[in-house]
Amino acid sequence: MIFETIIFAFIAIGIAIYYNKCWLCEIKYYIIGFIYHLHDIFSIRHNKIELLSKPNKIAIVTGGSRGIGMEVVKKLLQCDMEVIIACRTINTGENLILEMRKSGITSGRAKVYKLDNTSLKSVREFATKIKADYDKIHILINNAGIMFPSKYNKTEDGYEEQWTVNYLSHFLLTSLLLPLLKVGGNPGECSRIVNVTSCAHDISTIDFDYIINCSEKTFCKHASYGQSKLAQTMFTIILQRLLNEKSLNILVYAVHPGIVRTDLFKNTLIGNNKWMMAAWKTPDKGATPIVYATVSTDIETKGGIYISNCRELAVPSLALDKEIQKQLFELSLKQVHLENFFQYL
């Protein structure tokens, strides 16, 4: 199977070089994807989590109606939590709940709230509704994401779609919900924020000129996706430091689910040849490290880390660059129209 994967990777690289203007980025993706696929194979014994009962916990999962997010919701319900599914289409989330109940998952409580991560207005409306209905939350899983759209898309706020959905909307949502997370945490058991990132951060950079001026002419779907995921990882590190400085009982984690066969790959060569994904992780296995970061007591005193297959991994050196961190944070505040990330506390 590994030999076949190598052959497929070389074929894909050849096609990418011939057809794609972002061929260099695409080559890097196939290489890093293969490396992390091997990591998934050799770390399979670590990729597990005990689903302990936590009936008093309230969790939010963005993008919780499909793919890995759906599997995360299932596992949290099995922990007897109250789970808020944040998704674009209410009916989709409600149908998911019915299907899960029919499948035998009877524990926990599930609710659906509308959230469109392409719109910062929708993020604010979602947060307002959550604050009206809840006085605290314990877990925020920033999972919603898109990858490699077939064309350049600009959101209503004027930013490239992957940047908005994967990173910027979650940056804003986290700030808006900090008051509820603060109430939900205590010294013995902190609230948790889980940012679902990607191994793509290992091969990415933060190009501020590109982020600000990205257009149809300059757009590279691979570069844009990688920057959004590197930004998520950097945000995890920055935010944990700021939370510690304020002595808030909130932990933040960045999690790579693994190389998982989901419809995220629908606009790729591999996505159009699904047999090539046969050896990849299932969505259920991809959800496991996310749930690990959500409930494991092993990391209760250690926030700001990057997790893959339920184990801490080193972050790319660029993510630790203090100057780039500062620039990223300032730009993010400006783009979501916040004066201060903690202004709602």
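Let's start at the N-terminal end of helix α6, which is capped by Glu160. A side-chain oxygen of Glu160 lies 3.0 Å from the backbone nitrogen of Gln162. That is a polar contact: a pair of N or O atoms within 3.5 Å, where, within protein, one must be able to donate a hydrogen and the other to accept it, and residues adjacent in sequence count only if both atoms are side-chain atoms.

A word on the source. This is a predicted model, where local features need pLDDT of at least 70, side-chain atom pairs count only at pLDDT 80 or more, and totals for chains, interfaces and linings use all residues. Residues are numbered from 1 along each chain as its sequence is written, and side-chain values use heavy atoms, with hydrogens and water left out.

Stay with α6. The helix covers residues 161–184 and has a kink of about 55° at Leu178. Of the 24 residues in α6, 22 are buried. Buried means under 20% relative accessible area, exposed means over 50%, and partly exposed is in between, with a 1.4 Å probe and protein chains only.

Now the whole protein. There are ten helices and eight strands. Helices (H or I, at least four residues) and strands (E, at least two) are DSSP runs, numbered from the N terminus. Of the 345 residues, 58% are buried. Take the contacts with a separation of 6 or more: 77% of them are between residues 24 or more positions apart. Contact here means heavy atoms within 4.5 Å.

Next, two strands. β2 (residues 82–87) and β3 (residues 109–114) run parallel, joined by six bridges. Strands pair if DSSP finds at least two bridges between them. Ile84 has Lys111 in β3 as its bridge partner. From β2 the chain passes through helix α4 (residues 90–102) to β3, a right-handed β-α-β crossover. Right-handed means that, with the strands pointing away from the viewer, the path from the first strand over the helix to the second runs clockwise.

What about salt bridges? The count is eleven, taking a side-chain nitrogen of Lys or Arg within 4 Å of a carboxyl oxygen of Asp or Glu.

Two of them share Glu82. Its side chain meets that of Arg109 at 3.9 Å, N to O. Glu82 sits in β2 and Arg109 in β3, so this pair ties together parts 27 residues apart in sequence. Glu82 also meets Lys111, at 3.5 Å, N to O. Lys111 is in β3 too, so that pair ties together parts 29 residues apart. Shared partners join Asp80, Glu82, Arg109 and Lys111 into one network.

How covered are these residues? Glu82 counts as buried, at 13% relative accessibility. Arg109 is partly exposed at 33%, and Lys111 is partly exposed at 38%.

Another salt bridge joins Glu189 and Lys57, with the closest N and O atoms 3.4 Å apart. Glu189 is in the loop between α6 and β5 (191–196), and Lys57 is in the loop between α2 (23–42) and β1 (58–62). They are 132 residues apart. Glu189 is partly exposed at 29%; Lys57 is buried at 14%.

Last stop: Gly304, in the loop between α9 (283–295) and β7 (305–308). Which residues does Gly304 contact, leaving aside neighbours within four places in sequence? Thr236, Ile237, Gln240 and Val252.

Conventions: The bend at a residue is the angle between axes fitted to the seven residues ending there and the seven starting there.
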